[in-house]
Amino acid sequence: TTTSANLAKEMNDLLSTKNINYLDAPVSGGQAGAESGQLSIMVGGKNELYEELKDILMTYSKFIKYMGESGSGQLTKMVNQICIAGLLQGLAEGMNFSEKAGLNSKHVLEVISKGAAQSWQMENRYKTMIDDKFDFGFAVDWMRKDLKIAMDEAKNNGSLLPVTELVDRYY
């Protein structure tokens, strides 16, 4: 199975024979992060090239990290999407439970966001989720594409992703 990480490595090997280098540098932060120049960038490729281009990448990011050889940026992005999918599903289920239990969901989430349940997703999405506003520039189709890439890689590397597979079915 060819995954994006394997494809990145194969491409790097091919380009290296022609003395061409590249970085795989996926981002996290969504449309809002892109518009405000506040993306997080996870970079794979030759460290020397990363060091050479790091200042350019910093012009549109708040954080950048070299992750290793080619494909490492893509693999890190897969981890990001796996984590986000699970967090969002948990948040959605918690909000649904709160509403069905007759609680004031705004108050519930205001309280639990200050404790162990706190996450970026909760802090930045619970108010709009309560108001049934869900359009933040990252489409469900894109998340499903990303989760498929991660699930394909998991089959390739022997990882188990039962929660990710379940969440993908909800999408």
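This is a predicted model: local features need pLDDT of at least 70, side-chain atom pairs count only at pLDDT 80 or more; totals for chains, interfaces and linings use all residues.
**Ser 113.** I looked up Ser 113 and found it in the loop that joins helix H5 (105-112) to helix H6 (120-130). Its relative accessibility is 2%, so I logged Ser 113 as buried, the cut-off being under 20%. I then checked the side chain of Ser 113: one of its polar atoms is 3.0 Å from the backbone oxygen of Glu 110. Leaving out residues up to four places away in sequence, I listed Gln 118, Met 122 and Glu 123 as the residues that Ser 113 touches.

**Helix H7.** I took the span of H7 next. From first C-alpha to last, this helix of 18 residues covers 25 Å, close to the expected 26 Å at 1.5 Å a residue. I noted Met 143, Asp 146, Leu 147, Ala 150, Met 151, Glu 153 and Ala 154 as buried in H7. Viewed down the H7 axis, the buried residues fall within an arc of 160°, so I recorded them as lining one face of the helix. On the face turned away from that buried side I found the exposed residues Asp 141 and Lys 155.

**After H7.** I checked the backbone just past the end of H7, where Gly 158 has a positive phi of about 85°. Ser 159 sits in the loop between helix H7 (140-157) and helix H8 (162-170). My last entry is a polar contact of 2.5 Å between the side chains of Ser 159 and Asn 157.

Methods. Residues are numbered from 1 along each chain as its sequence is written. Side-chain values use heavy atoms; hydrogens and water are left out. Helices (H or I, at least four residues) and strands (E, at least two) are DSSP runs, numbered from the N terminus. Buried means under 20% relative accessible area, exposed over 50%, partly exposed in between (1.4 Å probe, protein chains only). A polar contact is a pair of N or O atoms within 3.5 Å; within protein, one must be able to donate a hydrogen and the other to accept it, and residues adjacent in sequence count only if both atoms are side-chain atoms. Contact means heavy atoms within 4.5 Å. The expected span of a helix is 1.5 Å times one less than its number of residues. The arc is that of the directions from the helix axis to the C-beta atoms.
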